[in-house]
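Subject: Structure for your review

Dear colleague,

Please find below the structure that I am handing over to you. My notes on it come after the display.

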Amino acid sequence: MKLRLLAVDILIGYEVVAGLTAALLLDRQGRVGACLLAAVLHELGHLLVMRLCRCRVRRITVRLFDVMIEADDAGSVLHDGLITAGGAAANLVCAMLFCMISRPLMLANLVVGCFNLLPVETLDGGRLLMLLLCRRVSYVTATSVIRVLTFVFLLPLFTLGIYTLLHTRYNYSLLAISLYLLAFLFR
């Protein structure tokens with residue numbers, strides 16, 4: 001599905017629509033809605049900082065477990081770092097705001113913000129660490145360090161995902177996300 005909003009192409013895969021519909025229908029406690037709102041706020045944080053850095057967004061692609069924002073070059077490592085940190089910063093600010101209003105929204109923002117700061121290759125924390133490492137070591141060395149850290153952080157999450165699925169018999173989200181992120185190591 002392709003939309004155009006404010007001169008930006010937005011591509012949304014049909015699997016996203018199907019997955020979200022199923023998740024929202026099966027969600028009895030409203031956690032999916034809270035997490036979805038936290039994810040939207042996260043991406044809006046990136047977009048806000050891009051706007052402040054005068055970085056033009058060209059396309060946004062929404063996939064089942066991630067969102068890819070294609071934009072002009074940030075112009076500097078500092079701007080790139082600020083843009084990358086903008087998503088988690090938005091979640092942490094929203095968590096503070098929601099702590100007075102809604103505990104589920106506060107927790108969802110904390111989880112989304114903190115999870116995205118993990119030093120995992122495709123997450124914001126991995127990108128921030130890559131920016132820092134590339135200032136000190138070669139790109140090849142930085143990539144190797146990130147890949148090792150990705151495996152070190154995702155293996156326990158994968159194990160916890162299996163445990164959670166076996167224990168609850170229905171909660172597969174952590175397992176699915178860790179498998180999705182682990183797949184990037186072997187592409």
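The notes below take up the sheet, then the helices.

This is a predicted model, in which local features need pLDDT of at least 70 and side-chain atom pairs count only at pLDDT 80 or more, while totals for chains, interfaces and linings use all residues. Residues are numbered from 1 along each chain as its sequence is written, and side-chain values use heavy atoms, with hydrogens and water left out.

The sheet

Four strands make up an open sheet with mixed pairing, in the order S1-S2-S3-S4. Strands here are DSSP runs of E with at least two residues, helices are runs of H or I with at least four, and both are numbered from the N terminus. Two strands count as paired if DSSP finds at least two bridges between them. S1 and S4 (67-71) are the edge strands, each with a single partner, so one side of each has no neighbour in the sheet. On average, neighbouring strands of this sheet are turned by 15 degrees against each other, direction ignored. Axes are lines fitted to C-alpha atoms, for helices over the stretch in contact, and angles between N-to-C directions run from 0 to 180 degrees.

S1 (residues 2-5) pairs with S2 in the antiparallel sense over four bridges, and Leu 3 has Ile 10 of S2 as its bridge partner. The hairpin of S1 and S2 has two residues between the strands, and Leu 6 takes a positive phi near 50 degrees there. S2 (residues 8-12) is mostly covered, with four of its five residues buried; buried means under 20% relative accessible area, exposed over 50%, and partly exposed in between (1.4 Å probe, protein chains only).

S2 and S3 (residues 57-62) run parallel and are joined by four bridges, with Ile 12 opposite Val 62 of S3. S3 and S4, in turn, pair in the antiparallel sense over five bridges. Arg 59 has Glu 70 of S4 as its bridge partner, and a hairpin of four residues links S3 to S4.

The helices

H2 lies across S3 and S4, and runs at about 10 degrees to S4. Helix H2 (residues 31-52) also packs with H4 at an angle of about 50 degrees, their axes being 8 Å apart. That angle makes H2 oblique to H4; angles under 35 degrees count as roughly parallel, over 145 as roughly antiparallel, 65 to 115 as roughly perpendicular, and the rest as oblique. Residues making the contact include Ala 34, Leu 41 and His 42 of H2 and Pro 104, Val 112 and Asn 116 of H4, where contact means heavy atoms within 4.5 Å.

In helix H7 (residues 173-183), Leu 175, Ser 178, Leu 181 and Leu 182 are buried. These four lie on the same side of H7, because they cover an arc of only 135 degrees around the axis; the arc is that of the directions from the helix axis to the C-beta atoms. The buried residues of H7 pack against H4 (103-116) and H6 (139-168).

Lastly, Ala 23 is found in helix H1 (residues 14-26) and is partly exposed, with a relative accessible area of 22%. The C-alpha atoms of Ala 23 and Ser 173 are separated by 10.0 Å, although the two residues are 150 apart along the chain.

With kind regards
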